[in-house]
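Subject: Structure handover

Hello,

Here is the structure we talked about. Please open it first, then read the notes below.

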Amino acid sequence: MITRAALGCRLCWTITGAVFAMILIIESLILVPSARRFESEALRLLAVEAQGAVDAVLAPLAVARGAPDLRPALEPLVGRLHIRGLAALRADGSVAAAVGELLQTAARSLGGAVDPSPAILLRSEDGSRVEVSWRNDALGAAGFAARLDASHVRGALRAYVLRIAGLVALIVLVVTAGTMLVLHVLLLKPLMRLRESMRLAAQAPERASEYSVPSRRSDELGEMIVAHNSMLSRIVESIRRDREVAEARARILSHHDGLTGLPNRRSFLEHLSGRRAGDGAAPGVITVCIVNVVQLRRVNAAMGQQTGDRLLWEVGVRVSQAAGAGSFVAHLGAGRFAVARRSGDPAFDAAGFAERILRDAAGEYSIGGDSVAADLRVGISHAPCAACSPEELLNQAELALERAGAEDSGGYAFFENAMAEAAHERRSLSRALERAIGRDDELFLAYQAKASLSGDGMAFSGAEALLRWRHPERGLVRPDVFIALAEATGLILPLGEKVLRRACAQVRDWLERHGRSPRVAVNLSAHQFVAPGLVGLVAGVLRETGIPPALLELEVTESAAMRDAERAASRLHELHELGVCLAIDDFGTGYSSLNYLRRFALDTIKIDKSFVDDIGKDPNAEAICAAILGMARALGRHVVAEGVETEMQLAFLRSHGCDEIQGYLYARPEPAAEFERRFLQTHAALRVAR
Ligand code: C2E
Ligand code: MG
Ligand code: MG
């Protein structure tokens with residue numbers, strides 16, 4: 001059955017068309033000569049008939065012998081058997097007797113009539129007449145010529161050709177249909193299946209073998225289908241293998257740390273949960289130690305990232321060796337290693353285990369010819385294997401790590417429940433702080449006035465903006481608590497920006513309402529100081545508020561500035577270029593490097609309150625204060641002493657050339673309105689007598 005598919009198949013039509021054309025050509029090649037043969041046979045029969053008739057008439061005459069007049073004998077033949085004219089010819093070609101229509105070829109053809117069977121000599125143009133001749137020595141005639149009516153031969157020939165052509169058409173039809181059918185069954189169907197299989201396999205190569213084509217054929221097409229099916233299987237196989245390799249790679253990458261080659265945090269957690277092959281939940285206790293390389297950041301900054309990376313790798317090796325067989329060691333990132341140790345003994349000596357790690361892995365490392373000291377701390381948590389929650393164990397060890405740095409801890413600390421409570425408290429406070437940053441009613445600035453000591457008394461000379469947070473339930477939260485929290489959580493950046501904007505807006509407001517404003521100092525945390533957008537932010541806020549840059553002072557703590565002295569120097573320089581004043585806060589508590597002080601673009605040094613506190617109590621503190629004041633004078637820097645509470649402190653500072661003081665003795669931090677009333681509304685208030 002020729003389906004629509006076959007009729008729509010271009011390939012089938014091409015092949016069938018070619019077959020059709022070929023049959024047509026062959027048939028026409030056969031038809032032309034056979035038509036000719038048909039015609040000449042018909043003419044020959046005509047001639048033979050005429051000859052037979054002449055012979056029949058002559059036969060009785062031959063019995064009579066002699067040379068009779070043939071005319072009367074031949075006459076009756078004219079008009080019969082398609083004979084239209086007859087001539088008896090002599091050997092020299094002359095006509096012995098002629099009847100009926102005149103022959104045109106008689107004399108010419110006589111000589112050629114050597115054959116007793118009739119030969120066609122002439123055919124009229126329209127084919128209605130033929131002239132034939134034959135030899136016949138009887139009765140003195142050398143031969144006979146006859147003019148015959150052949151008009152019926154053309155019709156018979158046409159009918160013959162039509163019959164043959166009809167037959168050919170029928171054959172062509174049958175052959176074409178048959179070819180279509182055969183092509184459809186033998187070629188098109190398998191080809192279409194192949195095409196469909198390829199299309200589906202291209203859409204879902206991972207399932208390609210499902211689309212293989214069934215075939216039992218042994219011809220070329222069958223071979224092609226077999227090759228196609230095997231190609232599909234190979235595609236599936238190759239995709240499967242590629243995927244396995246990729247999965248294995250991803251598994252390794254996702255479970256290992258690229259830096260140390262050790263398992264990573266995820267792998268560690270899987271190990272703790274006993275999910276990894278062969279680990280089963282064993283009885284006993286599991287101890288988790290987090291080992292932290294304390295000064296990694298400093299090593300990176302001072303000796304380069306490569307040295308830091310190498311140090312980590314080496315520490316990983318030593319920690320693994322110290323932990324020994326049966327321990328699982330991972331690198332959690334950022335210089336933190338985690339060690340898990342299962343023990344069947346509930347009284348497993350975790351402290352001894354941590355001490356061993358510290359003893360073997362802390363200390364000197366030789367890296368690229370340099371000696372690098374690795375200071376390690378260990379936080380420890382442990383729990384019964386059966387009740388172990390991997391995340392919790394790890395978190396507890398992290399919390400314990402924070403205590404491990406405390407003095408007399410020996411470099412390690414165990415987790416205690418109070419730590420979790422403190423962490424919980426920190427988390428909830430951090431959420432509250434984040435919310436407060438998004439609001440306008442909880443955070444506000446207090447201003448603490450500073451006094452100049454240039455004359456006899458104290459003259460109001462500026463202010464420091466100090467952030468305050470009034471928690472809706474807890475009331476005022478201490479700045480050192482929430483500032484440290486903001487630093488630890490990264491909230492310090494939006495918080496610091498808010499403070500900067502508020503302080504500058506306040507200066508703008510005072511300028512507009514009083515025509516003057518004190519210089520206001522804003523504290524920058526270490527994170528803010530190194531943040532990439534700081535200079536742009538300060539410039540932007542100055543532009544937006546339009547205040548003179550000299551009315552803004554930025555305080556950077558000494559520890560923040562010293563973390564990366566090179567970067568700090570260029571950052572301070574950039575800020576200085578904006579025209580703002582720069583102060584170093586809490587001076588004396590960190591490195592207190594004279595060299596850096598000289599290089600930094602600083603206007604003011606603020607002596608830390610802890611030294612001021614001890615004036616009159618501790619000669620060393622007094623010596624430090626005096627030294628800082630002398631040094632600052634030598635370097636041409638302005639000095640502010642913080643936390644001045646007593647007259648005695650004031651007298652000491654004044655006598656050693658301190659420029660300014662800040663402390664409860666002069667003023668406490670006050671809300672903006674109060675500060676404004678005391679220091680800005682009355683000119684007289686600017687000077688406060690001793
Ligand atoms: P700081 O910048 O050294 O600020 C001086 C601190 O000493 C203030 O504490 C101030 O109230 C206090 N103080 C000043 N004079 C006296 C005194 O005579 N006696 C006593 N006992 N204390 C005095 P506060 O406001 O608690 O701030 C503590 C620290 O919090 C600040 O130290 C500063 O490091 C940080 N801080 C405060 N506000 C901000 C801020 O807006 N941004 C940043 N990044 N840090 C801030
Ligand atoms: Mg300050
Ligand atoms: Mg300070």
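Start at the ligand. An oxygen atom of ligand 1 lies 2.9 Å from a polar side-chain atom of aspartate 585. That is a polar contact here (a pair of N or O atoms within 3.5 Å; within protein, one must be able to donate a hydrogen and the other to accept it, and residues adjacent in sequence count only if both atoms are side-chain atoms). The protein covers 82% of the 790 Å² of accessible area that ligand 1 has on its own (Shrake-Rupley method, 1.4 Å probe).

A word on the basis. This is a predicted model: local features need pLDDT of at least 70, side-chain atom pairs count only at pLDDT 80 or more, and totals for chains, interfaces and linings use all residues. Residues are numbered from 1 along each chain as its sequence is written, chains are lettered from A and ligands numbered from 1 in the order in which they are written, and side-chain values use heavy atoms, with hydrogens and water left out.

Glutamate 464 places a side-chain N or O atom 3.0 Å from an oxygen atom of ligand 1. For aspartate 586 the distance is 3.2 Å.

The shell around ligand 1 has 23 residues (a heavy atom within 4 Å). Asn523, Asp585, Glu642, Glu645 and Tyr664 come nearest. By class, the shell has nine nonpolar, six polar and eight charged residues. Nonpolar means Ala, Val, Leu, Ile, Met, Phe, Trp, Tyr, Cys and Pro; charged means Asp, Glu, Lys and Arg; the others, Gly among them, are polar.

Strand E14 (458-471), helix H13 (479-489), strand E16 (520-524) and strand E18 (581-587) each give at least two shell residues. E14 gives the largest share, four. Helices (H or I, at least four residues) and strands (E, at least two) are DSSP runs, numbered from the N terminus.

Now the sheets. Strands E6 (285-293) and E8 (336-343) run antiparallel, joined by eight bridges. Isoleucine 290 has alanine 338 in E8 as its bridge partner.

The other open sheet has five strands too, ordered E2-E1-E5-E4-E3, with antiparallel pairing. Its edge strands are E2 (95-100) and E3 (119-123). Seven bridges link E4 (129-135) and E5 (143-149). Arginine 135 stands opposite glycine 143 in E5.

Best wishes

Terms used: Pairing = 2+ DSSP bridges.
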